[in-house]
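Please look over the chain shown below before reading on. The briefing after it is meant for someone who is meeting this structure for the first time.

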Amino acid sequence: TQAMILTVNNLVKQLPEDSQLSVLGELKDEYDDLAEPEQFGVVISTVSKLRPRLNSILFKLQFEEQVNNVKPDIVSVTAACEELHNSSNFSKLLELILLVGNYMNSGSRNGAAFGFSISYLCKLRDTKSSDQKMTLLHFLAEICMEQYPEVMRFIDELIHVEKASRVSAETLQKNLEQMSKQITGLEKELEAFPPPSDDKDKFVEKMTISFYFAKMAREQYDKLALMHTNMEKQYEDLGTYFVFDPKKISIEEFFGDLNNFRTMFQVSEYYNTRLKVMLLTCSIIRLH
């Protein structure tokens, strides 16, 4: 299939303009005296509406790939929004971070805060203890491990965040718009396509089959468009829930910050666990 897509795509790109094809068509009586490239040009010049035919064939060949490029991204962002909204453990972690932050900033103009931006989570690693040996992120991970172990489950609850962080909402929108444009173009071509002038021209016959493809493609697109609308609504609701403007903070940016924090928290958990093992080992060695 890929070889066929490549062949048709190259034909579309290299296809001469209609005026050039007309000139080539006038050379059909001199066919045997022409070089092979010109002979090929003469042959294709006899095919009516060649460019629309090729575009329709190419779209049909690529449609499944287009769906597979769009659908997983929509599913990932929608699932990530739902996971984030439903994770009570992540909400508990945010409460702990706000509590610790207000305690550290008590008496300053940053004290008694009602909330903070998700982007702040990645900055927890920048705040260090006076001896520079522990970051605020390590401290929070240690508190959770010792006093609120259930909070650590948020890492496994937000499993689609990583995939969502790689989704560009702008690219997704453009791909859907392009797909809609191509389907509309195919539908119009099938309606306006003239009857064949040659018994060997089977394109209309094949396009009758493609009519059912066009109908199926339209149904597939409508489902994807509905899923995309639901995804956008989920992200808008997430903006309300976490108090940020979804029009100013992109999906890629929001989930990118969240995914970075999730990864850093896992690393801090691993660091704290290794540190405890090392301290315990040293204690055992001293006892002996």
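This is a predicted model: local features need pLDDT of at least 70, side-chain atom pairs count only at pLDDT 80 or more; totals for chains, interfaces and linings use all residues.

Residues are numbered from 1 along each chain as its sequence is written, and side-chain values use heavy atoms, with hydrogens and water left out. The secondary structure of the chain comes to 11 helices and zero strands, where helices (H or I, at least four residues) and strands (E, at least two) are DSSP runs numbered from the N terminus.

**Confidence**

- The chain has an average pLDDT of 82, and 83% of its residues score at least 70; pLDDT is the predictor's confidence in each residue, on a scale from 0 to 100.
- Confidence is highest in helix α8 (residues 161-164), at a mean of 96, and lowest in helix α11 (residues 251-287), at a mean of 70.
- Over residues 277-285 the pLDDT falls below 50, and this stretch has zero contacts in the model beyond near neighbours in sequence, a contact being heavy atoms within 4.5 Å.

**The chain as a whole**

- Of the 288 residues in the chain, 35% are buried; buried means under 20% relative accessible area, exposed means over 50%, and partly exposed lies in between (1.4 Å probe, protein chains only).
- Among contacts with a separation of 6 or more, 75% are between residues 24 or more positions apart.
- The accessible surface of the chain comes to about 18500 Å², and 53% of that surface belongs to carbon and sulfur atoms; such areas come from the Shrake-Rupley method with a 1.4 Å probe, and for residues only the protein chains shown count as cover.

- Helix α1 (residues 2-14) has 13 residues and reaches 18 Å from its first C-alpha to its last, close to the 18 Å expected at 1.5 Å a residue; the expected span is 1.5 Å times one less than the number of residues.
- The buried residues of α1 are Ile5, Val8 and Val12, and because they cover an arc of only 75° around the axis, they lie on the same side of α1; the arc is that of the directions from the helix axis to the C-beta atoms.
- These buried residues of α1 pack against α4 (50-86), whereas Ala3, Leu6, Lys13 and Gln14 are exposed on the other side of α1.
- Helix α6 (residues 136-147) has 12 residues, and its reach of 16 Å from first C-alpha to last is close to the 16 Å expected at 1.5 Å a residue.
- The buried residues of α6 are Leu136, Leu137, His138, Leu140, Ala141, Ile143 and Cys144.

**Salt bridges**

- The structure holds four salt bridges, each defined as a side-chain nitrogen of Lys or Arg within 4 Å of a carboxyl oxygen of Asp or Glu.
- One of them joins the side chains of arginine 166 and glutamate 162 at 3.5 Å, N to O; arginine 166 counts as exposed, at 55% relative accessibility, while glutamate 162 is partly exposed, with a relative accessible area of 40%.
- Another joins the side chains of lysine 174 and glutamate 170 at 3.4 Å, N to O; the two are four residues apart in helix α9 (residues 169-192) and so are separated by about one helical turn, and glutamate 170 counts as exposed at 54% relative accessibility.
- An α-helix has 3.6 residues a turn, so residues three or four places apart point the same way.
- The side chains of aspartate 237 and lysine 233 also meet in a salt bridge, at 3.0 Å, N to O, and both residues lie in helix α10 (residues 203-242), four residues apart, about one turn of the helix.

**Two single residues**

- Valine 243 has a positive phi of about 55° although it is not a glycine; valine 243 is placed in the loop between α10 and α11, and at 73% relative accessibility it counts as exposed.
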